[in-house]
Amino acid sequence: MTPVPPPLPNWTSAGTYTDIRFETSGDGLARISLNRPEKRNAFRPLTVQELCDAFNRVRDDPSIGVVLFTGAGPAADGVWSFCAGGDQSVRGDGGYLDDSGLPRLNVLDLQRIIRSLPKVVIALVAGYAIGGGQVLHLLCDLSLAAENAVFGQTGPRVGSFDGGFGAGYLARVVGQRKAREIWFLCRRYDAAQALAMGLVNAVVPLEDLEREGVAWAREVLQHSPTAIRCLKAAFNAETDGLAGIQELAGQATHLFYRTSEGQEGRNAFLEKRDPDFSGNAWLP
Ligand code: S0N
């Protein structure tokens, strides 16, 4: 007998935005969707500002453990996109222009927020993940691709490049040779090629993408939140230099705060006495 697939979440809107949708399931999941399908979900400064806000709200909500990050679609012409990168129509001479005309590259802020979010972010990629959109999917902890997914870089063709996570972390994920090929040749790669090079975790039929993402998310949610957040920080520490070590150390500090030893230091200060750590062994 074919197993009955688990029901999809009853998503509830968790905020009013212009360029994105932010929804929660009420049982541990959030879904953040780029919502400019007619622009292939390209991001302008406002889009990024809204994404940063939604991800920060996820950070501050202790009931949420996993975020599904995706692109709304399809567009009216039937084409799906995760994200086609920076909106070239608002690209001024010094950056992406916000409503007041200030040049910005605020997607770098978003990259760091996703990277250091102490929760699991799963990219659900249907259709195009191009340019800065490909980098956003790369920065998610896990990535599931629909069979129609298309990945690629265009920077050297459209006069830009992402020399941070977009180059260095890509090389960590797919290897130096493939990363150089992706950037230098600006080719497109289908879902099967992306899976073969380790760019995504799995490929599923388009109609199953959300259900699969929810299933993966629910598996994560069964596990220890502290173990997961420490592991994420540990993976980042291996690649992110002192900023990564700071994250991992921050997790250790959070755990230390919860010990009687950590609390004795605080209590002694507040009680204006010398701290007494004598009950704590110097363990091997
Ligand atoms: C995605 C593509 C391949 C889809 O092709 P298709 O299906 O033929 O659709 P189109 O007719 O081309 O597009 C439909 C409508 O959507 C608009 N549109 C699509 N992409 C963009 C975009 N990126 N910006 C603005 N508009 C976009 C089209 O214009 C069209 O609208 P209408 O009908 O009104 O004309 C194809 O669309 C494509 O190749 N898109 C461009 C992909 C691209 O080059 N993206 C930019 C790459 N660069 C970045 O993302 C850099 C940003 C960045 O993250 C960054 C980060 C760190 C450091 C530096 C940077 C940096 O700036 O480089």
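I take a polar contact as a pair of N or O atoms within 3.5 Å; within protein, one atom must be able to donate a hydrogen and the other to accept it, and residues adjacent in sequence count only if both atoms are side-chain atoms. The model is predicted, so I kept local features at pLDDT of at least 70 and side-chain atom pairs at pLDDT 80 or more, while totals for chains, interfaces and linings use all residues. Numbering runs from 1 along each chain as its sequence is written, and side-chain values use heavy atoms, with hydrogens and water left out.

**Ligand contacts**

An oxygen atom of the ligand is 3.4 Å from an N or O atom in the side chain of Y96. On the backbone side, a polar atom of A84 is 2.8 Å from a ligand nitrogen, and an N or O atom of Q88 lies 2.9 Å from a nitrogen atom of the ligand. The ligand taken alone exposes 1100 Å², of which the protein buries 69% (Shrake-Rupley method, 1.4 Å probe).

**Ligand shell**

**Sheet**

I traced an open sheet of seven strands, ordered β1-β2-β3-β4-β8-β10-β13, with mixed pairing (two strands pair if DSSP finds at least two bridges between them). β1 (12–13) and β13 (202–204) are the edge strands, each with a single partner, so one side of each has no neighbour in the sheet. β4 (residues 66–71) and β8 (residues 120–125) pair in the parallel sense over five bridges. F69 stands opposite A123 in β8.

**Backbone**

I checked two loops. G73 and P74 are joined by a cis peptide bond, omega about 0 degrees; P74 is in the loop between β4 and β5 (81–83). N41 has a positive phi, near 60 degrees, and lies in the loop between β3 (29–34) and α1 (45–60).

Notes
Helices (H or I, at least four residues) and strands (E, at least two) are DSSP runs, numbered from the N terminus.
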